[in-house]
Amino acid sequence: MYLDTEKKKELFKNHGRSKAENDTGSAESQIALFTYRIGHLTQHLKVNKKDHSSRTGLLKLVGKRRRLLDYLYKNEIERYRAIIAELGLRK
């Protein structure tokens, strides 16, 4: 499986707000998880161009990540800038 428990713990530990393995609810850790899943689905869709159900899932993930980034932008701009720089996302 592409996203096992160890990989999730590593993502939460590296990108979460409290830098703990069990920090699953912070916006930063959710954005990092969505970014990883978006990257995986993007690679999958480059090979399987006609997989429209995966494309729909990808668009939903992008929307969820965008909403979380907008939330951080409106409420805590420093955290927004930190996660953008850390993950290398466009603004």
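I noted the ground rules. This is a predicted model, where local features need pLDDT of at least 70, side-chain atom pairs count only at pLDDT 80 or more, and totals for chains, interfaces and linings use all residues. Residues are numbered from 1 along each chain as its sequence is written, and side-chain values use heavy atoms, without hydrogens and water.

I checked confidence next (pLDDT is the predictor's confidence in each residue, from 0 to 100). The protein averages 92, and 100% of the residues score at least 70.

I then listed the largest nonpolar core: A27, I31, L69, L72, Y80, I83, I84 and L89. Such a core is a set of buried Ala, Val, Leu, Ile, Met, Phe, Trp, Tyr and Cys residues joined through side-chain atoms within 4.5 Å. Buried means under 20% relative accessible area, exposed over 50%, partly exposed in between (1.4 Å probe, protein chains only). Helix α4 (77–87) gives this core its largest share, three residues. Helices are DSSP runs (H or I, at least four residues), numbered from the N terminus. Another core of six residues lies apart, with F34, L45, L58 and L61 among them.

I looked at H40 in helix α2 (residues 27–47). H40 counts as partly exposed because its relative accessibility is 33%. H40 and L58 are 18 residues apart in sequence and 9.5 Å apart in space, C-alpha to C-alpha.

Key: Helix = DSSP H or I, 4+ residues; strand = E, 2+ residues; numbered from the N terminus.
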